[in-house]
Amino acid sequence: MIFNPTNIEEKLRLQQSKQIAQPDILKQVQTIFDTENEKEINIENELKSANSTTSNLFNVELLKSDQIFHIDSIKKTCIDYRLRFLDTKYFKNEFPQEAINKIKALEKEHNITLSGFKIMAPSKLFKLENPDDPLLFAPIGNDYYYLIHKWGNDLNPLRKWRMLPFKSYENLLIFALIVSFALTYLFNYNLPQDNNYTSYFFLLFLFMFKSIVGIVIYYAISQGKNVNSAIWNNKYSK
């Protein structure tokens, strides 16, 4: 035949052979791999470092507004759900490759090297200095943080309500009062139904309240626990 079908792969290989020799291609690819590996190692080292940087020189025009969070919003969320917001060096789990890739993409896009990483997660995911759902941030400055990546499973929908008694000392006191009153009401059938019933009920309530407070204090001291508002950015308390 005068006109044979064109094998585009052969044409492509022929074109490249004119431009780059095969050994040179392998060297260039290896250089790319080495560069990328070095970037990833540097990022992982930075995530595990004690760098206290409070800002990064982001190009503001390239940032996504829905990824920017103020420290007050972060604090409120941590207190509501009993989470920590600490330096990534305290994070005891491995960082997923997707998070590393997003950091590399941000650094390339903004032409910077990111540092001062923070992470929001439950206490159990941290190595605290006193023997579900992480969010990785980088500081922008002026108490603003940029959300880089979220991974893992979503939090239990009831977590906010389960942690409500531990939100603050006031909440813990109210919880103790409610539990004490409920227990007193359950046991009030043993109280004599006479003119002194109210006094007996009040005395039983005080006994219950004292017992509940004692249990809470004992548990808190023995387990090194504290309320959410005191631990959200604390690297020592459990």
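Two strands are taken to pair if DSSP finds at least two bridges between them. Strands (E, at least two residues) and helices (H or I, at least four residues) are DSSP runs, numbered from the N terminus. The structure described here is a predicted model, in which local features need pLDDT of at least 70 and side-chain atom pairs count only at pLDDT 80 or more, whereas totals for chains, interfaces and linings use all residues. Residues are numbered from 1 along each chain as its sequence is written, and side-chain values use heavy atoms, with hydrogens and water left out.

The chain contains eight helices and five strands. Along the sequence, these elements follow the pattern α-α-β-α-β-α-β-β-β-α-α-α-α. A residue is called buried under 20% relative accessible area, exposed over 50%, and partly exposed in between (1.4 Å probe, protein chains only). By this criterion, 32% of the 238 residues of the chain are buried. The accessible surface of the chain is about 16100 Å², and carbon and sulfur atoms account for 57% of this surface. Such areas come from the Shrake-Rupley method with a 1.4 Å probe; for residues, only the protein chains shown count as cover.

The five strands form an open sheet in the order S1-S5-S4-S3-S2, with antiparallel pairing. Strand S1 (68–70) and strand S2 (84–87) stand at the edges with a single partner strand each, so one side of each is left without a neighbour in the sheet. On average, neighbouring strands of this sheet are turned by 35 degrees against each other, direction ignored. For such angles, axes are lines fitted to C-alpha atoms, for helices over the stretch in contact, and the angles run from 0 to 180 degrees between N-to-C directions.

Strand S5 takes part in two of the pairings described here. With strand S4 (residues 135–141), strand S5 (residues 144–150) pairs in the antiparallel sense over six bridges. Within this pairing, leucine 135 stands opposite lysine 150, and proline 139 stands opposite tyrosine 145. S1 and S5 are joined in the antiparallel sense over three bridges, and histidine 70 faces tyrosine 144 of S5. Strand S5 is mostly covered, as five of its seven residues are buried.

Backbone angles were also examined. Most residues other than glycine have a negative phi, and most peptide bonds are trans. Asparagine 142 has a positive phi of about 55 degrees although it is not a glycine. This asparagine 142 belongs to the hairpin of S4 and S5, which has two residues between the strands. With a relative accessibility of 71%, asparagine 142 counts as exposed. Asparagine 111 likewise has a positive phi, near 55 degrees, and lies in the loop between H4 and strand S3 (118–121). At 70% relative accessibility, asparagine 111 counts as exposed. A positive phi near 55 degrees is found in arginine 82 as well, the residue that follows H3.

Helix H3 (residues 71–81) has Ile71, Ile74, Cys78, Ile79 and Asp80 as its buried residues. Isoleucine 71 counts as buried at 14% relative accessibility. Between isoleucine 71 and phenylalanine 85, the separation is 14 residues in sequence and 9.7 Å in space, C-alpha to C-alpha.

Empty space was then considered. Rolling a probe the size of a water molecule over the atoms shows where empty space is left. On a 1 Å grid over the protein atoms alone, a cavity is a set of points where a 1.4 Å probe fits but cannot get out, and a pocket is an open set with protein on both sides within 12 Å along at least five of seven lines; lining residues have an atom within 4 Å of a point. Grid points are joined across faces, edges and corners, and a volume is the space filled by probe spheres set on the points.

The largest cavity has a volume of about 30 Å³. Its lining consists of Glu46, Ser49, Asn51, Asp87, Thr88, Gly116 and Phe117. In this lining, one residue is nonpolar, four are polar and two are charged. Here Ala, Val, Leu, Ile, Met, Phe, Trp, Tyr, Cys and Pro count as nonpolar, Asp, Glu, Lys and Arg as charged, and the others, Gly among them, as polar.

The second largest pocket holds about 250 Å³ of space. Of its 13 lining residues, Lys39, Ile43, Lys104, Glu107 and Ile112 lie nearest its centre. Helix H2 (22–47) and helix H4 (97–110) each contribute at least two residues to this lining. The lining of the second largest pocket comprises four nonpolar, three polar and six charged residues.
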